[in-house]
Amino acid sequence: MRNITKILFILAVAAVALTSCNDNDTYADQLERERNAINDFIKNKKIKVISEAEFYAKDSVTDTAANEYVYFGNTGIYMQIVNKGCGEKIKRGETARVLCRYDEYNIMDNPDTIQTSNNLLYYQAIVDKMTVTNTSGTFSGYFDSSSSVMQSSYASSGSGTAVPSGWLMPFAFINVGRPATETEEVAKVKLIVPSTQGQANASASVYPCFYVITYQRGR
């Protein structure tokens, strides 16, 4: 009986210690885990990271054959431009309707399993629609409808209709048009988005996401 009591006491102390550790988990600790998860993802996916200087020197393109991603130090975002797209960029002072198809992966939880997507068969009739404005080179946007998969997935987390900052960053580099011939393609990018630039749930729980997104100009 004495041994059983001793074991129960040790287990109780261990439980208190674990709870104390969780209580002492700081935002800095969470950010460090996030950075480690991103670094592991980059290593496991054999991503070649290039600097902004290299990116601009190559006319703002990334070599997909080498699996290049450009790293933007001011936001922590990594981007690969798979296709710059047909048409034109959203001009300064212009507001445009943009249609998106996307896949989202939680890098912290399971980087190989889709977390949300409007490419799934169930959502084939739904395209996420955004209204995007270019104000002196700074892009802002909101989802047009509650039928948006991204909005409906995270609106309860407080995101409302706002487009995640990470989704807006590519507009400085891609064209947003509508294919007029069989050879023309819509813009497509791959993004590693840290929590500070992501959707509301990622921001609140501090986890990074990987995205594959296409952008097409709406009517």
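**The chain as a whole**

Among contacts in the chain between residues at least 6 apart in sequence, 61% join residues at least 24 apart, where contact means heavy atoms within 4.5 Å. This is a predicted model, in which local features need pLDDT of at least 70 and side-chain atom pairs count only at pLDDT 80 or more, while totals for chains, interfaces and linings use all residues. Residues are numbered from 1 along each chain as its sequence is written, and side-chain values use heavy atoms, with hydrogens and water left out.

The chain has six helices and nine strands. These are DSSP runs numbered from the N terminus, with helices being H or I of at least four residues and strands E of at least two. Of the 219 residues, 41% count as buried. Buried means under 20% relative accessible area, exposed means over 50%, and partly exposed is in between, with a 1.4 Å probe and protein chains only. The chain exposes about 12000 Å², and carbon and sulfur atoms supply 52% of that; the areas come from the Shrake-Rupley method with a 1.4 Å probe, and for residues only the protein chains shown count as cover.

**Helix 2**

Helix 2, residues 27-44, has 18 residues and reaches 26 Å from its first C-alpha to its last, close to the 26 Å expected at 1.5 Å a residue. The expected span is 1.5 Å times one less than the number of residues.

Which residues of helix 2 are buried? They are Leu31, Glu34, Ala37, Ile38, Phe41 and Ile42. Seen down the axis of helix 2, its buried residues fall within an arc of 135 degrees, so they line one face of the helix; the arc is that of the directions from the helix axis to the C-beta atoms. They pack against strand 1 (48-50), strand 3 (77-83), strand 5 (110-117), strand 8 and strand 9. On the other side of helix 2, Lys43 and Asn44 are exposed. After the helix comes Lys46, with a positive phi near 55 degrees.

**Strand 8**

Five of the seven residues of strand 8 are buried, so this strand is largely enclosed by the rest of the structure. Strand 8 runs antiparallel to strand 3, joined by five bridges, and Asn83 stands opposite Lys188 in strand 8. Strand 8 also runs antiparallel to strand 9, joined by seven bridges; here Lys190 stands opposite Val212 in strand 9. Two strands pair if DSSP finds at least two bridges between them.

**Aromatic rings**

The structure holds 14 aromatic pairs. Rings of Phe, Tyr and Trp (its six-membered ring) pair if their centres lie within 6.5 Å; planes under 30 degrees apart count as stacked, over 60 as edge-to-face and the rest as tilted.

Tyr56 is partly exposed at 42% relative accessibility, whereas Phe173 is buried at 10%.

Another pair is Trp167 and Tyr211, with centres 5.8 Å apart and planes at 80 degrees, so it is edge-to-face. Trp167 is in helix 5 and Tyr211 in strand 9 (residues 209-217), 44 residues apart. Trp167 is buried at 0%, and Tyr211 is buried at 1%.
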